[in-house]
There are 6 protein chains.
Amino acid sequence: MTVVRPSGRAPDQLRPVRIERGFTRHAEGSVLVSFGDTRVLCTASIDNKVPAFLRGKGEGWVTAEYGMLPRSTHTRSEREAARGKQGGRTLEIQRLIGRALRACVDRGALGERTITLDCDVLQADGGTRTAAITGAYVALADAVRWLLARGEISRDPIHGAVAAISVGVYRGVPVLDLDYAEDSDCDTDMNVVMNDGGGFIELQGTAEGHAFRRDELDALLGLAERGIGQLLELQRQALAG
Amino acid sequence: MTVVRPSGRAPDQLRPVRIERGFTRHAEGSVLVSFGDTRVLCTASIDNKVPAFLRGKGEGWVTAEYGMLPRSTHTRSEREAARGKQGGRTLEIQRLIGRALRACVDRGALGERTITLDCDVLQADGGTRTAAITGAYVALADAVRWLLARGEISRDPIHGAVAAISVGVYRGVPVLDLDYAEDSDCDTDMNVVMNDGGGFIELQGTAEGHAFRRDELDALLGLAERGIGQLLELQRQALAG
Amino acid sequence: MTVVRPSGRAPDQLRPVRIERGFTRHAEGSVLVSFGDTRVLCTASIDNKVPAFLRGKGEGWVTAEYGMLPRSTHTRSEREAARGKQGGRTLEIQRLIGRALRACVDRGALGERTITLDCDVLQADGGTRTAAITGAYVALADAVRWLLARGEISRDPIHGAVAAISVGVYRGVPVLDLDYAEDSDCDTDMNVVMNDGGGFIELQGTAEGHAFRRDELDALLGLAERGIGQLLELQRQALAG
Amino acid sequence: MTVVRPSGRAPDQLRPVRIERGFTRHAEGSVLVSFGDTRVLCTASIDNKVPAFLRGKGEGWVTAEYGMLPRSTHTRSEREAARGKQGGRTLEIQRLIGRALRACVDRGALGERTITLDCDVLQADGGTRTAAITGAYVALADAVRWLLARGEISRDPIHGAVAAISVGVYRGVPVLDLDYAEDSDCDTDMNVVMNDGGGFIELQGTAEGHAFRRDELDALLGLAERGIGQLLELQRQALAG
Amino acid sequence: MTVVRPSGRAPDQLRPVRIERGFTRHAEGSVLVSFGDTRVLCTASIDNKVPAFLRGKGEGWVTAEYGMLPRSTHTRSEREAARGKQGGRTLEIQRLIGRALRACVDRGALGERTITLDCDVLQADGGTRTAAITGAYVALADAVRWLLARGEISRDPIHGAVAAISVGVYRGVPVLDLDYAEDSDCDTDMNVVMNDGGGFIELQGTAEGHAFRRDELDALLGLAERGIGQLLELQRQALAG
Amino acid sequence: MTVVRPSGRAPDQLRPVRIERGFTRHAEGSVLVSFGDTRVLCTASIDNKVPAFLRGKGEGWVTAEYGMLPRSTHTRSEREAARGKQGGRTLEIQRLIGRALRACVDRGALGERTITLDCDVLQADGGTRTAAITGAYVALADAVRWLLARGEISRDPIHGAVAAISVGVYRGVPVLDLDYAEDSDCDTDMNVVMNDGGGFIELQGTAEGHAFRRDELDALLGLAERGIGQLLELQRQALAG
């Protein structure tokens, strides 16, 4: 069974992915990640404090915040700061990013400091949360290098890389890395976060329309594993650059 | 490999589940659902309006809200109404419940009305979101019967039952229906929502600690399928009662 | 002058009152109180801290919060947590409950701890604030027993019982314990809180329609005194159970 | 039994009361009322709209808002607009003022318009809510005269005057019109709102310390009746002026 | 070129200005300032604390808050405390007042205390922010005298007086001290804050309609210099009184 | 008198200015403007609605919103969406941007539509508001071209270009286009908005430290006029590109 994707990509083909380090200069890590037309600015900020529940435990914290610029989307969305609160989708995504990155950090080795990953979408074309996780990992790695370079920590607290991709069933065919056109016309989609040991960190599958069968699930997981392998390689290249 | 669960249950054993219909009298559907010591009051309220984005389209809407009474938990949590906002976890859960139940409803057959499912946790002992989905389905079914009985709709808009359960890896062993003691001491857990056609509606797996392998995932899905089968049967019995 | 009450009760007759202790298991005191169809869950939570204005004074604090589940009422009310603030009626009621219970506690004997009474209405049929006060007293008594049993305090800080009832002029006749049908069709109503020494703690009378005369006031107070006497006896029985 | 009041007043003596009409010029009614050092600016504003629940019913609405300037009090209080919400005390008082004034208005004769009474405390020395009600009545009367003078309504919708006073037990003696020094050192106080037919509109008695007996209540009500008689006379003089 | 101002004033004529000290009694400084029909109550409150960013630096702080009573304006404005936030205009004005007054204070000589200037508009007729600055200066001076009189500080931290006025181009003619009628019908207006050394502290000119030329700007500044000279003299007289 | 600016620039020298059109693709106008290291993304979004106060008047509206990404600054600032409100500085700046751009638009020619200019600071190094105005003008021009190209309007509603720059007295010397290092170490600064007819649209001068004399003001205005001339030329080149 074949399908023509709106972008002309093969079912198992990622969009062109770019990872630019040092996009802005104040943050300890600053990465502009692009998955096709989706562009997310991910900065890592180090603060020598931890949240109240961790004080005095000798452990650090990694957390994330997510936002979309009002006109990153096809039609302008209301600015959350003006509305006076972050929406449920925003909170859900930033909780996901935070959990994903904590899963690759030894918080004892980080010491009593917090690294905040701000993921701000400059342009949205589907898959902003997976681009954000993939880019935020690189920003986090840069912030950790900054700490190591200054001797503030002596051991690298990152014990593995993390990347994320979306998969979905588009017109009956499992496809990798949905763009907006596919996402809007797709009953089932799943966001998958994995580490470079091949382990699953997060799996969030949703079928608003047609429920997915176990064999579809298996096909989607297979696509995600391959796509994440490529993203992990691109992260390695970017960090070697 | 064996493990002794804190409750003494077998790995594939649900807690005692109770579904009491008509728990309060004003709502069109009102169900008190218990998964062991977790007790959630699920009410279904019908309103002859739809949100702005659906007006004039001849379709209905199903949505959910979730809350925990301040002392439903081991230690008192701050009341969200007093704090002035709902937390990220609350918003995430109520979005999940809403999506899960919309997945079993033909919104055209419902007509231009909204059914709101309020899921309020009276007592929490793990698995409140899965209990909420399982109970809210029954409350929804009662609200639909109320509409059918009054002739407000002529065709049942529910095209399948929906139930949910949690699974997780507890001390290395995949287990079904985590209670609070297991949940707190468990690296990996997954909430699974399925329909009575065996399709997956939602899958949310999280590994804050150790990432899970593909074979663990398969084992967890198998447990979930069996547990949800039992829940669907209990829903049928409750609705037949 | 006679009147037929919607419920068929005599003018000086309470609705059936039930006080169930231990309704939920985490709270130090947990009482489900019913005045007819009005059902309020009252929990007492102990916290070893006091508000800032009392710190270091060796005194404790007793406070209350009140809420209604969205569908505890005839038509669904918006969830206050979703609206982002508690309404004026809610704040007024929880301030009343707090004052009423502080009036029976020796805060020095309580020591530097706070007892919070959460009164959540599961089903409303008039008189929720008076049911809440009556039930919260029992939950408070249970929490105090919990402290005494563990030796955390050595002397009972409660120096008297507290109960509350509503009275009003319904179709020209003073009646006791208004239900929703009466409340909606009644010009004058008054909530009365008394202790078991026969003293008045709070008196809140309101005449939105016809102003009440001094002789009506006297009749209402007489009814309230008798009703509260019965409630105090029911509290004693519950606590003896 | 005698007591020396901090102000040297007799137990049944009001503070000097002043009612200045036309204090500001934009409002349809604008009154500066003083009960001794308590000064409240009460304005009445007419709007040709009614709240949603009254639309199309041919009835008007009367409502109130209350505020204290930050330094109307002995020590500066935080500005509620800066905190982002009105406190429970504020909401409680403005609800009370609104109910008190609605009790003297025939809302049908008012027609579909809203009169809002803004009561802003310029200087506080106890009894701000009773001064506010007493002054707001005069502002309301002026606004109604404004409507009558322009022929917007043909019949006076006010069917009686309303005034309010506080009473309390100060060092064992019932006294009238508590000032701040008495209020802070007083176990029991009651706010009484009456109309000029001798009827009670609101009665709010609170005993945070010692509960009050029926005979104390009777003495307090007697004092309030006499004090309100004097206030009603002062209102008449002001409106005749 | 001549113009008839709505008030009949000459182009360079201020409205009648009154500065009443001691308008309320609790605040350390309390001034009712009137610029014609614009009346603003300015109170200065001393607090022996400083904001977090100044703690331990031996310096004081001067800050301002601004508000309008709901019916200080021609038509009633919504109460900001009820809306739950201060508007942009309010924040802008209170920031301006705070900066203006900090510009005349030696914060080291003030010591670690905060003086808060609350400027509340009782009646608005244009120029509320300039009246507020002019009056707040006098309230500040009174609060400083209070500190000096009690020996809490030994040296006067005020190193110069501050006053403010508006100027604008009304029907082609530069005029001083715009009232509401002029302000509404005027393309260009500028608020000018100066000290008694002839220096400019703030200059805020806005041309919503026609942009102003350099020669118009010069004329406006000349008017402002003369008007502020008169205001500074009125402040001196008030403080000498 | 000479001074060495931290950047080595001459007193009347702008930083390198870049104006990139089409930076993102969804908005009708999208400009990345850089004043040295200050980078602001300005998008113009067209909406076929106007605010309530303009409905039915045949006029359009131009408005602006401003935000800073949390780590656009040297140290991370709290996200305003997470805090739940926009700060006073943000509101002040976005009001300024809106006024500045409305000053160059014939709102009748625009018709009943709103153009919203979102100015989001990606990297801050002083002068974000002046960069925002300068860039937003170009985004606005692009949005107007978009309307003209589709025939939605027939006449260009822009009647002049608008640009803005800051000037200040740095170590006694008037300088143009302050960067962050200068801004932090500068007593007096002024933001100037002008149109291409040489008229002033906004002038906001602030002296937190030393008040500025008339001759300093004149020098600052002269610098601003020259700097804005260059910015207007760069805007022309960008729009011709």
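This is a predicted model: local features need pLDDT of at least 70, side-chain atom pairs count only at pLDDT 80 or more; totals for chains, interfaces and linings use all residues.
**How the copies are arranged**

Start with chains A and F. Chain A can be laid on chain F by a turn of 180 degrees and a shift of 0.0 Å along the axis. Which surface does each copy use? The same surface serves both: 100% of the contact residues of chain A recur in chain F.

Other chain pairs stay apart. Chain A and chain D share no contact, and their closest C-alpha atoms lie 11 Å apart. Chain B does not touch chain E either. Their nearest C-alpha atoms are 11 Å apart.

**Charges over rings**

Chains A and F also meet through arginine and phenylalanine. The charged end of A:Arg39 sits over the ring of F:Phe23, 4.8 Å from the ring centre. In the other direction, F:Arg39 lies over the face of A:Phe23. That distance is 4.8 Å from the ring centre.

**Rings that pair**

How many aromatic pairs are found over all chains? A search of the whole structure finds twelve. Among them is the pair of E:Phe53 and E:Trp61, whose ring centres are 5.2 Å apart. Their planes stand at 90 degrees, over the cut-off of 60 degrees, so the pair is edge-to-face. F:Phe53 and F:Trp61 also form a pair, with centres 5.2 Å apart. Their planes are at 90 degrees, so this pair is edge-to-face too.

Are these residues buried or exposed? E:Trp61 has a relative accessible area of 15%. Buried means under 20%, so E:Trp61 counts as buried. F:Trp61 is buried as well, with a relative accessible area of 15%.

**The annotated domain**

UniProt, in an unreviewed entry, lists "domain: Exoribonuclease phosphorolytic" for chain A. The entry gives residues 13-143 and 161-226. The table sets out the make-up of each span.

| Span of chain A | Helix | Strand | Distance between end C-alpha atoms |
|---|---|---|---|
| Residues 13-143 | 30% helix | 31% strand | 31 Å |
| Residues 161-226 | 26% helix | 44% strand | 15 Å |

Take the spans in turn. Residues 13-143 of chain A are 30% helix and 31% strand. Residues 161-226 of chain A are 26% helix and 44% strand.

Definitions and conventions
Residues are numbered from 1 along each chain as its sequence is written. Chains are lettered from A and ligands numbered from 1 in the order in which they are written. Side-chain values use heavy atoms; hydrogens and water are left out. Rings of Phe, Tyr and Trp (its six-membered ring) pair if their centres lie within 6.5 Å; planes under 30 degrees apart count as stacked, over 60 as edge-to-face and the rest as tilted. Buried means under 20% relative accessible area, exposed over 50%, partly exposed in between (1.4 Å probe, protein chains only). A charge sits over a ring if NZ of Lys or CZ of Arg is within 6 Å of the ring centre and within 35 degrees of the ring normal. Copies are superposed by least squares on the C-alpha atoms of residues with pLDDT of at least 70 in both. Contact means heavy atoms within 4.5 Å. UniProt positions are given in the numbering used here, feature names are shortened, and annotations may be inferred rather than shown by experiment. Helices (H or I, at least four residues) and strands (E, at least two) are DSSP runs, numbered from the N terminus.
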